[in-house]
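I opened the model to look up pockets and charged side chains. My notes follow.

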Amino acid sequence: MSLVFTENELKEIASTFLKENYKISLKIPVIRNNRLRSTLGRYVINNKGEPLRIELSGTLLTYGAKETIIGVLNHECIHYAFHKQGKPMHDGNPLFERALAKHKAPSTKTLKVGKFYTYYCERCKKPGESRLKRLVTHCDDYRTKCCRAKIILTGEKIYNGINS
């Protein structure tokens, strides 16, 4: 399990990163969002294009290693900095991706963080993983992608973003 950062500590880390690297101040909160499921963090703007907040997922803050949490936070800070500077701030843009690499911040969908349930295919024995908790309680409702055979649960594995 990870070190637990408070929202104030996260904001301080983000503020320092932005001052040192982009010479700008952070004027929005950094908060934990336990409802984020498909992403580890996000930079939120309103429909007028004004910055609202940076959110980090509860999964990231619960299971992520310290360096993983800071890396994702820096990724979101780069979104904020690029937005404030009028630069292209979207994932996949070459300028944005170069900035991520420069600051050793992870690209989107490159980290595995959280609790995964492990299983194998009853027919071909191919292993698999799923974050779906319902898989444990309703295993008979699911079939493997490879053979459409029954899933045999084997346990669970926790990833912290480093051991992915």
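In which helix does Glu76 lie? I found Glu76 in helix α3. Helices here are DSSP runs of H or I with at least four residues, strands are runs of E with at least two, and both are numbered from the N terminus.

Ground rules, noted before going on. This is a predicted model, where local features need pLDDT of at least 70, side-chain atom pairs count only at pLDDT 80 or more, and totals for chains, interfaces and linings use all residues. Residues are numbered from 1 along each chain as its sequence is written, and side-chain values use heavy atoms, with hydrogens and water left out.

**Entry: Glu76**

Glu76 is buried and has no salt bridge. Buried means under 20% relative accessible area, exposed over 50%, and partly exposed in between, with a 1.4 Å probe and protein chains only. A salt bridge needs a side-chain nitrogen of Lys or Arg within 4 Å of a carboxyl oxygen of Asp or Glu. The nearest side chain of opposite charge is Arg42, 8.2 Å away. For charge, Lys and Arg count as positive, Asp and Glu as negative, and His and the chain ends are not counted.

I then listed contacts (heavy atoms within 4.5 Å). Leaving aside neighbours within four places in sequence, Glu76 touches Gly41, Arg42, Tyr43, Ile54 and Leu56.

**Entry: salt bridges**

How many salt bridges does a search of the whole structure find? I got 5.

Lys112 pairs with Glu129, with the closest N and O atoms 2.4 Å apart. Lys112 sits in the loop between α4 (94-102) and β4, and Glu129 in strand β5, so this pair ties together parts 17 residues apart in sequence. Lys112 is partly exposed at 26% relative accessible area. Glu129 is partly exposed too, at 28%.

Glu156 and Lys115 form another salt bridge, 3.7 Å from N to O. Glu156 belongs to strand β6 (residues 151-160) and Lys115 to strand β4, so the pair links parts 41 residues apart in sequence. I noted 49% relative accessibility for Glu156, which is partly exposed. Lys115 is partly exposed at 28%.

Asp141 and Arg134 meet at 3.1 Å, N to O. Arg134 is partly exposed, at 38%. I also found Arg42, Arg53 and Glu55 joined into one network by salt bridges that share partners.

**Entry: largest pocket**

I searched a 1 Å grid over the protein atoms alone; a pocket is an open set of points where a 1.4 Å probe fits, with protein on both sides within 12 Å along at least five of seven lines, and lining residues have an atom within 4 Å of a point. Points are joined across faces, edges and corners, and volume is the space filled by probe spheres set on them.

The largest pocket holds about 740 Å³. It has 30 lining residues, and the closest to its centre are Arg37, Leu40, Thr59, Val113 and Arg131. Which element gives the most to this lining? Strand β4 does, with 5 residues. I counted 9 nonpolar, 13 polar and 8 charged residues in the lining. Nonpolar covers Ala, Val, Leu, Ile, Met, Phe, Trp, Tyr, Cys and Pro; charged covers Asp, Glu, Lys and Arg; the others, Gly among them, are polar.

**Entry: second largest pocket**

This pocket holds about 310 Å³. Of its 14 lining residues, Tyr119, Glu129, Arg143, Thr144 and Lys145 are the closest to its centre. Strand β5 (residues 127-130) gives the most, with 4 residues. The lining has 7 nonpolar, 3 polar and 4 charged residues.
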